[in-house]
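Try each task before you read its solution.

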Amino acid sequence: MYSGSKMNTITTEEEKKIFQFLKSHGCCLRCCFRFIGYRAPKYYFNPFEFAVQLSYANTKDETSLEAPCIICLGVLQDKAQENIVTKIAKKVNEENYDCTTFTCALTVPVSVKLREYILYAYMSKEETLDKSALSTLKTKLQNVKDIWKSFMIPKLEEIMCKRADLSTPSPFLIEVFLTYADNETIFKELMNKYKGGNNKQKKRKCSDNTFSRKDIETMLNEMTDEQLMQQFTISQIVPETFVHIDNISCSHNSIFIGGRYSKLSRKLSQTPWFINGEKKVETSVQDLLCNPIAEIVKAESIKFLSSGREDVDVRNIHDGRPFAVELLNPRMTNITSELLTYLMDNINQSTKQVQITSNLKILSRLDLKKLKEGENVKTKFYRALCICRNVNGDLPRLEHLNNLKNIKIIQKTPLRVLHRRPLSPRTRVIYEMRARWAKPHELKALHTAAESTDVFFILDVKTQAGTYVKEFVHGDFGRTNPSLCNFINAEVDIVALDVTGINLIWP
């Protein structure tokens, strides 16, 4: 029994007794060391050597280390882990990741925590530890995952020729999932008792032999040592087999590449366009920009991000629209400026429908935030080819439009997008306009034989982001008010629209 000033300390002699208790009940040496709080990695590289040096074991004990540990089930035993380094290296090699650093995560059977507490309960009883001393011992317990990493990570570094980055951490993650064949079975009755209650859904979970780490922690907080010992004897939880590898998965954080693009086609959607499972256009801006990049860097998938979007029949010219592509789980991660230049040239040579108009750049999270914020704060410039309808007599005057500034308009959700957007009026600002009658060469590409060329005019307009320019021109049956029709007192329609500028510093 601990008492007085020694109550919160564990002496060397007492450590030895605890060590012997654990070892005699089937704990591996690494679990013995972590239970008494040894932190230095040297104790875990060769635990038998240090156990002998500290007189915690003798040379005759070495053959007794071949059975599965009663607590970690082999997670910390060389016999169970002897092939895992090779398997991890093989998996990483097969996936062909070029990242020079890595972070390793380990998932162990959920019952390891419960096994620890069962041993604590019997240790407290057999070694006559009081609650304060037991609490002190529990605070010294080293996490099974941390100990596994202390002696496995150096082996992984050597065989994979990659450096473990434990502080940043590395964007390349290796996840190792260890399972135990009968992990939950021996605890099923206990979990049913403390977790089932009257909740049928929970009972069904228990009957399927599944429970979570949170369930274990909740139950352990509610149970006493006496209840644990009533439920289990140490002999009942002695494992017959070692843990095995359920899965090894590799993943790399997303890489973001951005720039600006111009869209030169009036028959091109921004993203793949499907209606009832049928593809409405052959390709898209997303396909033409992102697929070549994803193919080169061997990304698992992509997400296309842009500062706003243009309609299928709207071009985006001059400096173009800011965009970013998220490359999910890329294998090639060493993306140089030379590679970015190659990607830009390759895309621009492969299509005339879309062109990258700025140098590509690797983006940060801050860059992406600017892209998103730009959707709401930027100003945009448009050029619209408009037509005056039902003109009988004099054409409307356009000059006064050039003097209008900062006009507030209210737009209800346009009829053309009402099927996919909620009905909600919003206020937008038309900052300024310039209007002039169209010149003959500007109408050559139009099939206007039935129309007088005199009724066409060019409107350049600077607007707040989010303005429906088509609806501002024709009014959308009065759903945009005021509209251009109101300002020139004539029926106006839009023939063609171009985005000519997006006022956002990017990339």
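**Exercise 1.** In this predicted model, find which residues of helix H6 are buried, and work out how they are arranged around the axis.

*Solution.* 
- Step 1: Apply the cut-off, under 20% relative accessible area for buried. In H6 this gives Ile-84, Val-85, Ile-88, Ala-89 and Val-92.
- Step 2: Look around the axis. These residues cover an arc of only 135°, which means they sit on the same side of H6.
- Step 3: Turn to the other side of H6, where Lys-90, Asn-93 and Glu-94 are exposed.
- Step 4: Ask what lies over the buried residues. The cover includes helix H5 (78–81), helix H9 (144–160), strand S3 (172–179) and strand S4 (244–252).
- Step 5: Check the helix span. H6 runs over residues 84–95, twelve in number, and its first and last C-alpha are 17 Å apart, close to the expected 16 Å.
- Step 6: Step past the end. Just after H6, Asn-96 has a positive phi of about 65°.

**Exercise 2.** Is Asn-329 buried or exposed, and which residues does Asn-329 touch?

*Solution.* 
- Step 1: Locate Asn-329 in the loop between strand S9 (315–328) and helix H15 (337–350).
- Step 2: Compare its relative accessible area with the cut-off. The value is 9%, so Asn-329 is buried.
- Step 3: List its contacts, leaving out residues up to four places away in sequence: Tyr-97, Cys-250, Ser-251, His-252, Lys-298, Ala-299 and Glu-300.
- Step 4: Pick out His-252. Its backbone nitrogen is 2.9 Å from a polar atom of the Asn-329 side chain.

Methods:
Residues are numbered from 1 along each chain as its sequence is written. This is a predicted model: local features need pLDDT of at least 70, side-chain atom pairs count only at pLDDT 80 or more; totals for chains, interfaces and linings use all residues. Side-chain values use heavy atoms; hydrogens and water are left out. Helices (H or I, at least four residues) and strands (E, at least two) are DSSP runs, numbered from the N terminus. The expected span of a helix is 1.5 Å times one less than its number of residues. Buried means under 20% relative accessible area, exposed over 50%, partly exposed in between (1.4 Å probe, protein chains only). The arc is that of the directions from the helix axis to the C-beta atoms. Contact means heavy atoms within 4.5 Å. A polar contact is a pair of N or O atoms within 3.5 Å; within protein, one must be able to donate a hydrogen and the other to accept it, and residues adjacent in sequence count only if both atoms are side-chain atoms.
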